[in-house]
Amino acid sequence: MSTGLILHDDGCQRCWWPGTDPLYVAYHDTEWGVPEHDDRALYEKLILDGFQAGLSWITILRRREGFRRAFAGFAPEAIARFGPAEVEALMQDAGIIRNRAKIEATIRSARAWLAIQEQGPGFSAFLWDFVDGRPLQPRAETRANIPTESAASRAMSKALKAKGFGFCGPTIVYAFMQAVGMINDHLVGCCRHDACAALPGPCTSLPGPCTSPREPGGLGGPR
């Protein structure tokens, strides 16, 4: 069975899931697994993960700019005011996934986000509390070691639903937690694992993709 690592032409071993698609590899190298603490950025990622349900993440990633344009830059204050006319317009927008249930859930989730912001403790604090404020470091060595949900994702899913969020089942939430750095599920041999493990605090991006150990100052290479 494959460990789930792929050796790329730049000399780096990476997790299996981005394959060699340049957009997907860039996402793996600069976003996935990086701790995110911005309230609005966390809302955007949760919504996009909800739209992914039944689809592949690359499908959503290729439409991310279309989603941002259609949903007012993912400003919850604006989305919360969307009504039937906006929903119908979104259903005609080829730049997004035109799923009425997911669109309507996005609006309800924006209103739930506003309530958390107004009543406290803030969306980021609310979410990060499920991992005690620090990224979990499971140190998975093979893809078989990575689950599709966890006790933390089940607890977060239940709490989000109670607040009024939609499309946030335990599996969706686990993928969200991986993406925003609450769980460092880069495989141990991946060139991004140690870099993400070294970022316990707020951070929105990393310096860039890994470089080969032959290049001084790189973030590490194949092992």
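**A tour from H8 to the cysteines**

Select H8: setting aside neighbours within four places in sequence, H8 is in contact (heavy atoms within 4.5 Å) with R14, G19, T20 and V25. This is a predicted model, in which local features need pLDDT of at least 70 and side-chain atom pairs count only at pLDDT 80 or more, while totals for chains, interfaces and linings use all residues. Residues are numbered from 1 along each chain as its sequence is written, and side-chain values use heavy atoms, with hydrogens and water left out.

H8 sits in the loop between β1 (5-7) and β2 (13-15). Is H8 buried or exposed? H8 counts as buried, at 11% relative accessibility. Here buried means under 20% relative accessible area, exposed means over 50%, and partly exposed is in between, with a 1.4 Å probe and protein chains only.

**Whole chain**

Zoom out and colour by secondary structure. The protein chain has 11 helices and 2 strands. These are DSSP runs numbered from the N terminus: helices are H or I with at least four residues, strands are E with at least two. Along the sequence the pattern is β-β-α-α-α-α-α-α-α-α-α-α-α. Of the 223 residues in the protein chain, 51% are buried. Among contacts with a separation of 6 or more, 67% are between residues 24 or more positions apart.

Next select D38, in the loop between α1 (22-30) and α2. D38 is partly exposed, with a relative accessible area of 41%.

**α2 against α7**

Show helix α2 (residues 39-52) with helix α7 (residues 100-119); they pack at an angle of about 155°, with axes 11 Å apart. Axes are lines fitted to C-alpha atoms, for helices over the stretch in contact, and angles run from 0 to 180 degrees between N-to-C directions. The angle makes α2 roughly antiparallel to α7. Angles under 35 degrees count as roughly parallel, over 145 as roughly antiparallel, 65 to 115 as roughly perpendicular, and the rest as oblique.

Which residues of α2 and α7 make the contact? From α2, select D39, R40, Y43, I47, G50, F51 and Q52; from α7, select K102, I103, T106, S109, A110, W113 and Q117. This set divides into 6 nonpolar, 5 polar and 3 charged residues. Ala, Val, Leu, Ile, Met, Phe, Trp, Tyr, Cys and Pro count as nonpolar, Asp, Glu, Lys and Arg as charged, and the others, Gly among them, as polar.

**α2 against α10**

The axes of α2 and α10 come within 9 Å and cross at roughly 135°, so the two helices are oblique to each other. The contact is made by L42, K45, L46, D49 and G50 of α2 and by I172, A175, F176 and A179 of α10. By class, this contact has 6 nonpolar, 1 polar and 2 charged residues.

**The cysteines**

How many disulfides are found in the whole structure? The search finds 0 disulfides, a disulfide being a pair of cysteine sulfur atoms within 2.5 Å. C190 is in no disulfide, and its nearest cysteine sulfur, that of C15, is 3.8 Å away. C190 is buried, with a relative accessible area of 1%. The sulfur of C196 is 7.9 Å from the closest cysteine sulfur, in C190, which is too far for a bond. C196 also counts as buried, at 2% relative accessibility.
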